[in-house]
Amino acid sequence: MRNFQLRELGMPVPYDAATVAALADRQVTWQDKALPPAWWGRTVREIVAERPRLSELPTPLLTLSAAGMRHNLDAMARWCRDHGVDLAPHGKTTMAPTLWAAQLDAGAWAITLANTFQLGVARAFGVRRVMVANSVISPLQLRWIADQLAADETFEVMVWADSVRTVEQLEAARAPYVDPGARPLDVLVEIGGANGRTGARDADTALAVADAIGRSSTLRLAGVAGYEGAIAHGADEAGLEHVRAYLRELAGVHTRLQKDGRYDDGLVPVVSAGGSAYFEQVAEVLAPLGRSGARVVLRSGAYITHDDGYYRQVSPLGSAPRTDGERLVTAMHGWVRITSQPEPGLAIFDAGKRDLPYDEGLPEPQLLRPRREGESPVPLTGMTVSKLNDQHGFLRFDGDAPVVVGDELRVGLSHPCTAFDKWGLIPVIDDPDGADPVVVDLVRTFF
């Protein structure tokens with residue numbers, strides 16, 4: 001719907017809307033995990049038109065909530081507008097062009113990606129502005145990016161560099177290959193922090209990287225960037241202060257570059273940070289840079305589904321909010337079936353590490369689906385998932401068994417980034433709390 005609104009306003013749609021829409025015309029096959037054989041050979045559009053029910057799908061299963069995602073898209077867009085920052089959500093979270101399109105329709109400035117494979121997916125669906133939040137040093141990949149820039153004047157891409165050596169690799173791969181006068185490759189100086197991930201560890205190194213970009217013949221200094229999520233893990237005040245201190249260092253490098261006139265005239269430099277755990281800290285420290293001409297860009301990606309684990313606990317708009325704005329809601333769930341009760345206090349279900357995320361917390365039992373028509377879902381308490389094998393989950397409880405073999409459960413999940421990558425075609429349902437939700441879409445991922 002919003003695509004048509006953009007066209008009516010004379011605004012360019014920032015992706016190839018026809019290619020995204022054509023995903024609905026792809027057939028479902030036996031390769032699409034957990035979808036029933038009755039759907040094989042039919043298109044997504046045909047299936048969705050019949051409004052199938054969740055009860056028609058086998059387990060294990062991952063689903064998305066249409067209402068939940070809509071709420072989160074709108075809530076995050078409003079929050080960014082209210083706090084003077086742009087959003088380039090990290091597309092690696094979902095690797096779903098349909099969801100990237102929804103994020104762009106909601107006002108996202110760009111899509112962030114982590115490598116050139118992911119960039120290739122974005123280009124296949126016409127995404128016109130991408131930040132690659134990483135160093136790209138493979139000559140073959142750099143030349144492919146150069147070809148993309150040459151072939152499409154509407155395409156914009158930014159990459160990161162955290163050392164002079166990285167800049168030299170960029171220049172060495174591009175200089176003999178691109179035509180004189182070709183558009184330069186935009187590069188952001190990556191700022192790191194102690195015990196963090198990549199990134200220049202001090203201002204002098206960062207400024208040397210900027211100088212190397214300035215001396216190159218095929219690159220352009222486009223700003224500074226970093227990732228504060230590796231600086232802290234949790235939301236205690238000591239951790240938040242570590243994040244703020246890191247962000248002040250990042251801001252200081254940008255201010256020095258701007259003061260020294262190292263950005264090209266007319267360029268709006270990008271200052272980017274902000275995963276899904278500390279974006280309110282990023283806005284607090286970096287948003288004021290917008291008053292002096294910078295574009296401050298968050299890269300939060302997990303917000304679109306949020307979760308019932310790690311991000312529920314640490315997100316600024318989670319269960320213990322640290323900022324104003326509407327709280328995010330969980331929009332992804334797992335569905336599992338009890339297959340065995342081999343001993344007292346234990347039930348085994350049919351999903352494991354290959355089906356559900358487990359790196360940031362085990363699944364959370366939430367609902368027992370109706371056993372008979374006309375019944376309502378029953379909330380589950382006093383049960384925990386103790387571990388996952390490859391294809392089995394262990395459900396523990398005290399006393400009489402609250403479940404029997406054949407029961408279907410809804411479980412909450414933690415960490416969207418390791419949920420989406422296990423599924424190639426994900427049903428979207430209208431109401432995950434309903435007795436038998438309607439499947440309103442199928443979202444295809446590309447991992």
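**The domain interface**

By salt bridge I mean a side-chain nitrogen of Lys or Arg within 4 Å of a carboxyl oxygen of Asp or Glu. Between domain 1 and domain 2, the count is 2 salt bridges.

A word on the source. This is a predicted model, where local features need pLDDT of at least 70 and side-chain atom pairs count only at pLDDT 80 or more, while totals for chains, interfaces and linings use all residues. Residues are numbered from 1 along each chain as its sequence is written, and side-chain values use heavy atoms, leaving out hydrogens and water.

Now the domains. Domain 1 covers 1-65 + 307-446, and domain 2 covers 66-306. Those bounds come from an automatic or database domain assignment. Over C-alpha atoms, their centres lie 30 Å apart.

How many residues of each domain are in contact? Domain 1 brings 44, domain 2 brings 45. Contact means heavy atoms within 4.5 Å.

The buried area is about 3,800 Å², and carbon and sulfur atoms give 62% of that. Buried area is the accessible area, with a 1.4 Å probe, that two parts lose on being put together, summed over both.
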